[in-house]
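Thanks for asking me to look this one over.

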Amino acid sequence: MDSSTGGEIRIQPSRRLPDFLQSVNLKYVKLGYHYLISNLLTLLLIPLIIITSVQVAQTDPADLRHLWLHLQYNLASIIVCSAFLVSGLTVYFITRPRPVYLVDYACYRPPDHLKAPFQRFMHHSRLTGDFDDSSLEFQRKILERSGLGDETYVPEAMHHLPPQPSMAAARREAEDVMFGSLDALFRNTNVNPKDIGVLVVNCSLFNPTPSLSAMIVNKYKLRGNIKSFNLGGMGCSAGVIAVDLAKDMLRVHRNTYAVVVSTENITQNWYFGNKKSMLIPNCLFRVGGAAVLLSNKSADRRRAKYKLVHVVRTHRGADDNAFRCVYQEQDDNGKTGVSLSKDLMAIAGGALKTNITTLGPLVLPISEQLLFFATLVVRKLFNKKVAPYIPDFKLAFDHFCIHAGGRAVIDELEKNLQLLPVHVEASRMTLHRFGNTSSSSIWYELAYTEAKGRIRKGNRVWQIAFGSGFKCNSAVWQALRNVKPSPNSPWEDCIDNYPVKLVA
């Protein structure tokens, strides 16, 4: 009865079935298909198990005695087969790669006096006298659209008027960041620095002599036979490369620890010219760094946070456009800076496509792989206009740590991978709170997710980073327990203020 029509009763001539396309959310249909295919082997084994159980139940003692007599007459064959089986299992367990565990990590939190609010940044840029009006306006627009907040940090040398970049100041920045994160790491893990067997340090733009890795060896008096490496010029994705190198070393050197230190140095790499493409790094890059403790000791599994599952690296340096899209050079006035190409996003998209094409078969459930393959066959054989199927990586990963290179990078990955806002929240909030800290940004993002209490046992985390060269690198971790934030987390006193609403 409809009260709005004065009690009139309307009789429908027929009743149709509900429109399932409207009433059923297709994502649940897809999820059901995913569960069906993922458990297909189990479903196929159930009838076999039932049949085997029925046969065993119908076997009488005489049949069992006959089987035993048959085995006694073939004792030599049984012994030979058993010997081969035992030998094979022994070789397998001896030669198989040992798991690599992430025991803990620490991110550097600069002191408050190094904060560079928007207004102060622009005021200092104006007072230096190095930038013309057009460059100042360009920087203002970049900052407004960047996604950075007012609490990011720039090095001490940039707070002086005029700025005072020098080799000594750059060393102090490197020491503050590296030693600050390492002190926190050793304090949280109770690991003696002399127990470290492998040390990998990555910093693209600052490579003094002695090296940054040597500075760490000297500071903590690491042992003389340590395997140390110093990676330079490898861009924002070098953190994943450093993890990959440490993993390979741990596969060779057993029962040891590896430490990875990822950072970038800003002091001597600030650009004081007026070339627009070289001004963008000034607006985005900020002070930051992380130290990561990896182990191949089986005893560390109980206290480790994660296990390394996969590392996939993609290098597009053979292509000239990709090679030059992030390029350190001098402008026409001889001032050095890093130039970012206008084709950067397109090149990053191509590198990402190559990377996930390699990563997909390793991590995607069989249901997604079948859909992708079926679409590929249809496109090749029947209709090239059929849209390519984009695998649903949300079925493979629970958390995403996308390099906080800039707002545009995060937006593009959110759209192209069909992610939800919650999946890119850690990246956006890291960019807002700490800016682009280069190779260490993925660790600030993981720390954000931990501080929110979202990582449960068995969850998979995808760290993905882009860097000069041009490179796209991925690392996949699996949580070994419900992960809680470590003491002195960079988000310790501010996590309740996030997420913040960003201006579009």
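This is a predicted model: local features need pLDDT of at least 70, side-chain atom pairs count only at pLDDT 80 or more; totals for chains, interfaces and linings use all residues.

1. The protein chain holds 17 helices and eleven strands. Of its 504 residues, 46% are buried.

2. A word on the chain as a whole. Among contacts with a separation of 6 or more, 79% link residues 24 or more positions apart. The accessible surface is about 26600 Å², and carbon and sulfur atoms supply 57% of that area.

3. Which residues does the "active site" annotation cover? The unreviewed UniProt entry gives C236, H315, H399, H403, H432 and N436. Of these residues, C236, H403 and N436 are included in the lining of the largest pocket.

4. Let's take N436 next. This residue is in the loop between α16 (425–434) and α17 (441–451). Is N436 buried or exposed? Its relative accessibility is 2%, and buried means under 20%, so N436 counts as buried. Leaving aside residues up to four places away in sequence, N436 touches C236, L284, F285, R286, H403, A404, G405 and L431.

5. Beyond residues up to four places away in sequence, H399 is in contact with T449, R454, I455, N459, R460, V461 and W462.

6. I also looked at D244, in helix α10 (residues 238–252). D244 has a relative accessibility of 9% and therefore counts as buried. What does D244 touch, not counting residues up to four places away in sequence? The partners are V311 and R313, and both positions fall in strand β6 (residues 306–315).

7. Strand β6 brings us to strand β1 (residues 101–107), which pairs with it. Seven of the seven residues of β1 are buried, so this strand is largely enclosed by the rest of the structure. Strand β1 runs antiparallel to β5 (residues 289–295), with six bridges joining them. Two bridges join β1 to β6, and that pair is antiparallel as well.

8. In β5, L102 stands opposite L294, while in β6 the bridge partner of L102 is Y306. When viewing this part of the model, remember that side chains in a regular strand alternate between the two faces of the sheet.

Key
Residues are numbered from 1 along each chain as its sequence is written. Side-chain values use heavy atoms; hydrogens and water are left out. UniProt positions are given in the numbering used here, feature names are shortened, and annotations may be inferred rather than shown by experiment. On a 1 Å grid over the protein atoms alone, a cavity is a set of points where a 1.4 Å probe fits but cannot get out, and a pocket is an open set with protein on both sides within 12 Å along at least five of seven lines; lining residues have an atom within 4 Å of a point. Contact means heavy atoms within 4.5 Å. Helices (H or I, at least four residues) and strands (E, at least two) are DSSP runs, numbered from the N terminus. Buried means under 20% relative accessible area, exposed over 50%, partly exposed in between (1.4 Å probe, protein chains only). Accessible areas come from the Shrake-Rupley method with a 1.4 Å probe; for residues, only the protein chains shown count as cover. Two strands pair if DSSP finds at least two bridges between them.
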